[in-house]
Amino acid sequence: METVISARSLSKAFRNGTIALSNLNLRIAKGQVYGLIGRNGAGKTTVLRILMGLLRPDHGQSYVLGFNLSEASRHQRQRVAYLSQSQQLPDWMTMNDLVRYLAYFYESWDSDLLVQMVHRWELSRVDSISKMSVGKQRLAAIALALATRPEVLLLDEPAAGLDPIARRELNQAIIDALLNGDGCTILLSTHFLGDLERLATHVGIMDHGRIIAEGAVDDWQRTMRKVQVVFTEDRPPNGFEIPGALRSQTFGPVVTALARITDDSQMIGIRSLVGARVNIFPLSLEEMFLSLTLDEVVFGSV
Amino acid sequence: MVKIDNAKLRNVTPKLHLQIDNRSGVPVYRQMMDQFKYYVAGGTLRPGDQIPSIRELAATLAVNPTTVVKAYTELEREGVIEKRHGKGAFIAQAATHLTKAEQEGALRRSAKQLAVEASQLHVPSPKVINVVREELNALDPERSTDGDPIMFTAVVGGNLN
């Protein structure tokens with residue numbers, strides 16, 4: 001598969017000593033939708049900014065469509081759209097002003113697509129951006145980004161500040177971008193893990209400047225399980241471990257684990273244990289994220 | 001942008017309404033497959049009925065198109081749907097009897113979950129069976145007990161976002 005986004009051994013420390021990234025590697029193939037998840041401050045925005053060439057890493061290289069974007073030509077950069085978390089459109093301008101400006105610069109500008117989004121999201125074309133609600137401003141920025149018909153789309157928390165209906169519109173716009181023409185490769189950071197279950201093909205969990213876990217969403221959903229073993233004795237036998245456990249904890253006679261079960265036969269051993277009851281449950285992405293990040297098995301959602 | 005003709009979608013698949021639960025932990029393509037099978041088992045979808053195109057379904061459900069492709073590929077492999085060149089995908093002739101087995105499987109999965117919960121709450125088995133009987137009666141007081149096939153509607157989750 002053709003690699004569209006790659007980062008090798010990225011490290012970055014800020015002047016105040018904060019380590020934003022530490023030896024981070026990333027590889028995203030054409031057509032994938034990669035969800036970057038992690039707590040605030042985990043380094044998600046730094047990755048996106050380095051990929052866009054807006055921030056120089058201390059070590060390592062990054063490429064988008066084969067180019068280091070900090071050195072790429074305007075034509076090359078135009079194939080990539082980036083929506084930053086704090087993106088402010090010039091708020092004295094109207095949508096009409098912005099469209100005139102962008103349509104002039106972008107060779108791939110799709111005005112039909114823009115008109116459809118403006119209509120669907122009921123965005124005013126004549127009011128200045130400052131008169132729009134925060135949610136509408138965000139949708140306006142997304143509409144403008146998508147109308148450039150990018151081959152690669154980098155979105156930094158696009159759903160932040162959107163109400164549930166607007167978030168649904170955003171998700172549909174992302175799907176439309178995938179269905180359009182030659183499709184699109186997307187890297188997005190988000191805290192809405194439920195949305196990623198529908199949108200993403202891959203997810204990476206970031207923590208303290210590293211990717212601590214990464215995988216294909218359907219593979220995770222097929223293999224990651226919450227396994228709970230309840231013993232009739234006061235406590236589990238010495239040395240007891242749940243096979244495939246990535247995180248595990250024991251409270252009295254109950255052992256709970258986040259386990260990766262690639263093969264059902266892994267569980268035959270513990271199922272045949274005398275005096276133990278074994279329950280296996282599927283896990284949502286949110287439960288996986290919480291368990292892997294917090295170092296304890298978290299069951300249920302926030 | 002994909003234009004979705006809702007009227008057309010309704011014509012193709014009357015009453016077809018799929019729901020994706022983001023928090024169930026069940027892969028989205030699996031949830032879609034299960035619901036198609038429920039609809040076939042329940043008679044809502046019949047052999048020969050056309051099902052939505054990949055684009056339509058991806059756009060209406062806001063689901064990654066590769067996920068829809070995966071669901072349809074698996075359904076085809078299992079013989080539930082068939083693709084007709086240039087015409088789209090349809091419920092296969094043999095789907096009905098295939099999904100009868102699936103129907104029992106689905107029921108068994110739900111029953112298993114109920115059994116686990118009952119056991120964790122230390123509810124004795126006769127009580128569990130009574131509760132199930134009461135719930136069945138509440139749904140349909142006229143319900144006969146002479147071994148009619150159980151018809152059930154698919155309520156897979158409910159959290160659309």
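A residue is counted as buried if 20 or more other C-beta atoms lie within 10 Å of its own. In the predicted model described here, this criterion applies to Leu285(A), Glu286(A), Glu287(A), Met288(A), Phe289(A), Leu290(A), Ser291(A) and Leu292(A), which are buried in helix α10 of chain A. Helix α10(A) spans residues 285–294 and is mostly covered, since eight of its 10 residues are buried. The helix is followed by Asp295(A), a residue with a positive phi near 65°.

The overall make-up of the two chains is considered next. Chain A contains 10 helices and 13 strands, and its C-alpha trace spans about 75 × 40 × 40 Å along the principal axes. Of the 302 residues of chain A, 39% are classed as buried. Chain B holds six helices and three strands, arranged along the sequence in the pattern α-α-β-α-α-β-β-α-α. Buried residues account for 25% of the 161 residues in chain B. When contacts between residues at least 6 apart in sequence are examined, 67% of those in chain A join residues at least 24 apart; the corresponding value for chain B is 66%.

The largest nonpolar core has 106 residues, of which Leu51(A), Ala143(A), Leu154(A) and Ile186(A) touch the most other members. The element that gives the most to this core is helix α2 of chain B (residues 28–41), with nine residues. With residues up to four places away in sequence left out, the contacts of Ala143(A) are Leu114(A), Met117(A), Val118(A), Trp121(A) and Leu123(A).

Ala143(A) also takes part in the packing of two helices of chain A, being one of the contact residues of α5(A). Two packed helices are described by the angle between their axes and the distance between the axes. For helix α4(A) (residues 111–120) and helix α5(A) (residues 134–147), the angle is about 160° and the axes are 9 Å apart. Angles over 145 degrees count as roughly antiparallel, and α4(A) and α5(A) are therefore roughly antiparallel to each other. Their crossing is right-handed. On the side of α4(A), the contact is made by Leu113(A), Leu114(A), Met117(A) and Val118(A), and on the side of α5(A) by Ala143(A), Leu146(A) and Ala147(A). By class, this contact of α4(A) with α5(A) comprises seven nonpolar residues, with no polar and no charged ones.

The two chains meet through 26 residues of chain A and 21 residues of chain B. On the side of chain A that touches chain B, two or more residues are given by each of α4, α6 (164–179), α7 (193–199), α8 (217–223) and β13 (276–282). The largest share of this side comes from α6(A), which gives nine residues. By class, the residues of the side of chain A that touches chain B divide into nine nonpolar, nine polar and eight charged.

Helix α6(A) also packs against a helix of the other chain. The angle between α6(A) and helix α3 of chain B (residues 54–61) is about 155°, with the axes 8 Å apart. This angle makes α6(A) roughly antiparallel to α3(B). In this pair, Gln172(A), Ile175(A), Asp176(A) and Leu179(A) of α6(A) meet Arg55(B), Ala58(B) and Ala59(B) of α3(B). The contact of α6(A) with α3(B) has four nonpolar, one polar and two charged residues.

Backbone geometry was also examined in two loops of chain A. Most residues other than glycine have a negative phi. Glu157(A) is not a glycine, yet has a positive phi of about 45°. This residue is placed in the loop between β6 (152–156) and α6 of chain A. Because Glu157(A) has 22 C-beta neighbours inside 10 Å, it counts as buried. His208(A), likewise not a glycine, has a positive phi of about 50° and lies in the loop between β8 (202–207) and β9 (210–216) of chain A. With 15 C-beta neighbours inside 10 Å, His208(A) counts as partly exposed, a class that falls between the limits of 20 or more for buried and 12 or fewer for exposed.

Key. Residues are numbered from 1 along each chain as its sequence is written. Chains are lettered from A and ligands numbered from 1 in the order in which they are written. This is a predicted model: local features need pLDDT of at least 70, side-chain atom pairs count only at pLDDT 80 or more; totals for chains, interfaces and linings use all residues. Axes are lines fitted to C-alpha atoms, for helices over the stretch in contact, and angles run from 0 to 180 degrees between N-to-C directions. Helices (H or I, at least four residues) and strands (E, at least two) are DSSP runs, numbered from the N terminus. Angles under 35 degrees count as roughly parallel, over 145 as roughly antiparallel, 65 to 115 as roughly perpendicular and the rest as oblique. A crossing is left-handed if the near helix is turned anticlockwise from the far one by less than a right angle, and right-handed if clockwise. Two residues are in contact if their C-beta atoms, placed from the backbone, lie within 7 Å. Ala, Val, Leu, Ile, Met, Phe, Trp, Tyr, Cys and Pro count as nonpolar, Asp, Glu, Lys and Arg as charged, and the others, Gly among them, as polar. A nonpolar core is a set of buried Ala, Val, Leu, Ile, Met, Phe, Trp, Tyr and Cys residues joined through C-beta atoms within 7 Å.
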